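Student: I would like to learn how to read a structure feature by feature. Could you take me through one slowly?

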Amino acid sequence: MTFILYALDKSAAKGNRWRIEENTLHFCGLIGGWPGALLAQRIFRHKTKKTAFQVVFWITVLLNMGIIAWLLFSPAAQSLRDALGMPALHAGHLPQ
């Protein structure tokens, strides 16, 4: 979905049409769409030279990865993992 949003925004930029807000692009990346965003940035050469955008983009990537690590490995997130039916994870031991 995020890849498509970047493609639509690039097309709109070329055609001088309504654009997708940067906050929308960042939010989609934050909730897990950053791989699609990164791919779209490279393929379409979109938002790659805008330093402020790139700084926020990479912060959202780190936040997303941190949240995933917390969900997978934090003892505080065990009840959430239990509710989702995920197996217990322990440091140094991943399920096979």
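Predicted model: local features only at pLDDT ≥ 70, side-chain atom pairs only at ≥ 80, totals over all residues.

Student: How does the span of helix H1 agree with its number of residues?

Tutor: The general idea is to compare an expected length with the distance between the ends. Helix H1 covers residues 2-14, and at 1.5 Å a residue its 13 residues should span 18 Å, which agrees with the 18 Å between its end C-alpha atoms.

Student: Which residues of H1 are buried, and where do they fall when seen down the axis?

Tutor: Burial is judged from relative accessible area, and a residue counts as buried when that value is under 20%. In H1 the buried residues are Thr2, Leu5, Tyr6, Asp9 and Ala12. Seen down the helix axis, these buried residues fall within an arc of 125°, so they line one face of H1. They pack against H2 and H3, while the face turned away from the buried side carries the exposed residues Ile4, Leu8 and Lys14.

Student: How many salt bridges does a search of the whole structure find, and what does arginine 19 pair with?

Tutor: The search finds 3 salt bridges. In one of them arginine 19 pairs with aspartate 9, with their closest N and O atoms 2.8 Å apart. This pair links distant parts of the chain, since arginine 19 is in the loop between H1 and H2 whereas aspartate 9 is in helix H1, 10 residues apart. Aspartate 9 is buried, at a relative accessible area of 0%, but arginine 19 is partly exposed, at 34%.

Student: Which residues are linked in a network of salt bridges?

Tutor: The network is made of Glu22, Lys47 and Lys50. The side chains of glutamate 22 and lysine 47 meet at 3.0 Å, N to O, and the closest N and O atoms of lysine 50 and glutamate 22 are 2.3 Å apart. Lysine 50 lies in the loop between H2 and H3 and glutamate 22 in helix H2, so this pair ties together parts that are 28 residues apart in sequence.

Student: Are histidine 26 and histidine 46 buried or exposed?

Tutor: Histidine 26, in helix H2, is buried at a relative accessible area of 9%, and histidine 46, in the loop between H2 and helix H3, is buried at 6%. Leaving aside neighbours within four places in sequence, histidine 26 is in contact with Phe53, Val56, Phe57 and Thr60. With residues up to four places away likewise not counted, histidine 46 touches Tyr6, Asp9, Lys10, Arg19 and Gln41.

Technical notes
Residues numbered from 1 in each chain as written. Heavy atoms only, no water. Helix = DSSP H or I, 4+ residues; strand = E, 2+ residues; numbered from the N terminus. Buried < 20%, exposed > 50% of the residue type's maximum accessible area, 1.4 Å probe, protein only. Contact = heavy atoms within 4.5 Å. Expected span 1.5 Å × (residues − 1). Arc of directions from axis to C-beta. Salt bridge = Lys/Arg side-chain N within 4 Å of Asp/Glu carboxyl O.
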